[in-house]
Amino acid sequence: QVQLVESGGGLVQAGGSLRLSCAASGSLFSINAMGWYRQAPGKQRELVAGITSGGDTNYVESVKGRFTISRDNAKNTVILQMNSLKPEDTAVYFCAADPGSICCGPFASWGQGTQVTVSS
């Protein structure tokens, strides 16, 4: 099993920045792709950004140019740098790790989530 622990959420004003970090432990050999999802109240969970083991990235259109995902395989961490935050970015953000090449499918492991609140 893989355990994922997120940190770095909080309250920030619109236009500000936050850096989310996710530390993985456990069956690290099973981790391939990783990603960040978010879920706002009353909305479905959506993939915000994904990154393959080789460093290829993908983003939801609404965060392109503002968010950057990166990973440090040696430290088993994945980072989401969020800049120019908007109130609509408010959500619980979840880290995910998948044994497959693309994040994330039904066999993914999930963190507990961290709240990001952006005030206007």
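**Reading disulfides and an enclosed strand**

User: With -80° about the S-S bond, is the link of Cys 22 and Cys 95 left-handed or right-handed?

Analyst: The link of Cys 22 and Cys 95 is left-handed, with -80° about the S-S bond. Cys 22 sits in strand β3 and Cys 95 in strand β9 (residues 91-98), 73 residues apart, so the pair links distant parts of the chain. Strands here are DSSP E runs of at least two residues, numbered from the N terminus. Bear in mind that this is a predicted model: local features need pLDDT of at least 70, side-chain atom pairs count only at pLDDT 80 or more, and totals for chains, interfaces and linings use all residues. Residues are numbered from 1 along each chain as its sequence is written, and side-chain values use heavy atoms, leaving out hydrogens and water.

User: How many disulfides does a search of the whole structure find?

Analyst: A disulfide is a covalent bond between the sulfur atoms of two cysteines. The cut-off used is a pair of cysteine sulfur atoms within 2.5 Å, and the search finds 2. Cys 22 and Cys 95 have S to S 2.1 Å, while the sulfur atoms of Cys 103 and Cys 104 are 1.7 Å apart.

User: Why is strand β8 largely enclosed by the rest of the structure?

Analyst: Because 5 of the 6 residues of β8 (residues 77-82) are buried. Strands pair if DSSP finds at least two bridges between them. Strand β3 (residues 18-26) runs antiparallel to β8 with 6 bridges, and β7 (residues 67-72) also joins β8 antiparallel through 6 bridges.

Notes
Buried < 20%, exposed > 50% of the residue type's maximum accessible area, 1.4 Å probe, protein only. Helix = DSSP H or I, 4+ residues; strand = E, 2+ residues; numbered from the N terminus.
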